[in-house]
Each structure stands twice: as C-alpha cells, then as structure tokens.
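Thanks for coming, everyone. Please have a look at the sequence and the model before I start.

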Amino acid sequence: MKIFLPFFFLILLTLTSCDYNPGVSEAFTKYRFKEGVTTITIPGWAIRLATNFGDLKDSEREFLSGIDKVRVLVVENEELNSRINLHREFSERINKNNDFDELMTVRDKNEDVTIFGKMDNDVISEMVVLVGGDDNALVYLRGEINPKLLNDLVNKKETDNLLSFKF
C-alpha cells in the first residue's frame, strides 16, 4: 500500500498537469460558474462522431478529424460583459512562456481578437481564440491542425463554409 499511494498521486499529477495552459485554464477556472457564462468542453471522439452526420466537405471533415478537444467559454451576461475584458485579462498569461505564437490580431473600436497557435513540427497542436471588449469569449482547440488546410477553410467570400468570415 505504501508503494501504491505515491505511484497513484504521481499518475494523477501527470494527468492533470498535461492539460494546463496558463491563461486558458485560469479563465475557465475563474468564470465557468459565473451566472451568464456558458462553458462547453467537447472531446475529440464526439467531434469525429459528429462529422459522420453533418453535411460537410471533405476538407472540413479532415479538419475536424484532427481536433482532440474543444473548450469554449462565452460571456452572455451583458452586465458582466460591461465589467470585464477577457482579452486584456488573459492575453499576456496565455503567451506567458512564449509557447504560443500570435497568428492574428484584430483590434476594432470596442473589440480585441487574438488567435494564438502552438506549432509542433508542421502542425498547430493548440490554438486559442481570445475575444475581449463588448463581447467576451475564449475558444481553445487541441489536436493536429494542418495550417494549409485551415487556410483553405477560411474563405472570406463564401459565408456558408465551416470557417468563414463575413466583413
């Protein structure tokens, strides 16, 4: 029993520390139980299962099959949105150890959006979309995201694509 207990705690510590990302985990810990805040965690197996039922293009299916985990935090409470700014609060902490690269930053009148990515060989292993200002949200993706495939999916002209932007 004396040998088993330290071994158990070592395994528990390893499993819980693997998914810790400064800023991301802190944002979820701080805001997940606040009224008017919605948090969602979707494991990769559920995403891959859903790709079988959707009306998706092959490239969209390929992109989603590389996702191992998605975590979303959205502040829907207007009063809370007026008091906080997730971008200002967590932007520096997400990139605290320079693990992430800033892939894109958009600053508008009352909104800041930054997309961070962590590269592992030729794929993005983790991606964070951080929104702060009038609206506050955080999206965390983990998996093997092909940058070329992601670039192909971001189409500014077709608004019915999986990843499209309407300007």
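Some ground rules. This is a predicted model, where local features need pLDDT of at least 70, side-chain atom pairs count only at pLDDT 80 or more, and totals for chains, interfaces and linings use all residues. Residues are numbered from 1 along each chain as its sequence is written, and side-chain values use heavy atoms, with hydrogens and water left out.

Overall picture. The protein chain has 7 helices and 8 strands. Helices (H or I, at least four residues) and strands (E, at least two) are DSSP runs, numbered from the N terminus. Of the 167 residues, 37% count as buried. Buried means under 20% relative accessible area, exposed over 50%, and partly exposed in between, with a 1.4 Å probe and protein chains only. Now contacts, meaning heavy atoms within 4.5 Å. Take those between residues at least 6 apart in sequence: 54% join residues at least 24 apart.

On to helix H2, residues 24–31. Which of its residues are buried? Val24, Ser25, Ala27, Phe28 and Tyr31 are. Seen down the axis of H2, they fall within an arc of 160°, so they line one face of the helix. That arc is taken from the directions from the helix axis to the C-beta atoms. What covers them? The cover includes strands S1 (37–43), S2 (67–75), S5 (123–133) and S6 (136–145), along with H6.

H6 runs over residues 86–94. The axes of H2 and H6 come within 8 Å and cross at roughly 140°. Axes here are lines fitted to C-alpha atoms, for helices over the stretch in contact, and angles run from 0 to 180 degrees between N-to-C directions. H2 and H6 are therefore oblique to each other. On cut-offs: angles under 35 degrees count as roughly parallel, over 145 as roughly antiparallel, 65 to 115 as roughly perpendicular, and the rest as oblique. H2 brings Val24, Glu26, Ala27, Lys30 and Tyr31 to this contact, and H6 brings Leu86, Glu89, Phe90, Arg93 and Ile94. By class, that is 6 nonpolar, no polar and 4 charged. Ala, Val, Leu, Ile, Met, Phe, Trp, Tyr, Cys and Pro count as nonpolar, Asp, Glu, Lys and Arg as charged, and the others, Gly among them, as polar.

Ile47, Arg48 and Thr51 in H3 meet Arg61, Leu64 and Ser65 in H4. This contact divides into 2 nonpolar, 2 polar and 2 charged. H4 itself, residues 58–65, has Glu60, Phe63 and Leu64 as its buried residues. Those fall within an arc of 95° seen down the axis of H4, so they line one face of the helix.

Now the single residues. Ile67 lies in strand S2. Ile67 is buried, at 1% relative accessible area. Beyond four places in sequence, Ile67 contacts Gly44, Ile47, Arg48, Leu141, Arg142, Gly143 and Ile145.

Last one, Asn81, in helix H5 (residues 78–83). Is Asn81 buried or exposed? Asn81 counts as buried, at 8% relative accessibility. Beyond four places in sequence, Asn81 is in contact with Val75, Glu76, Gly133, Asp134, Asp135 and Asn136.
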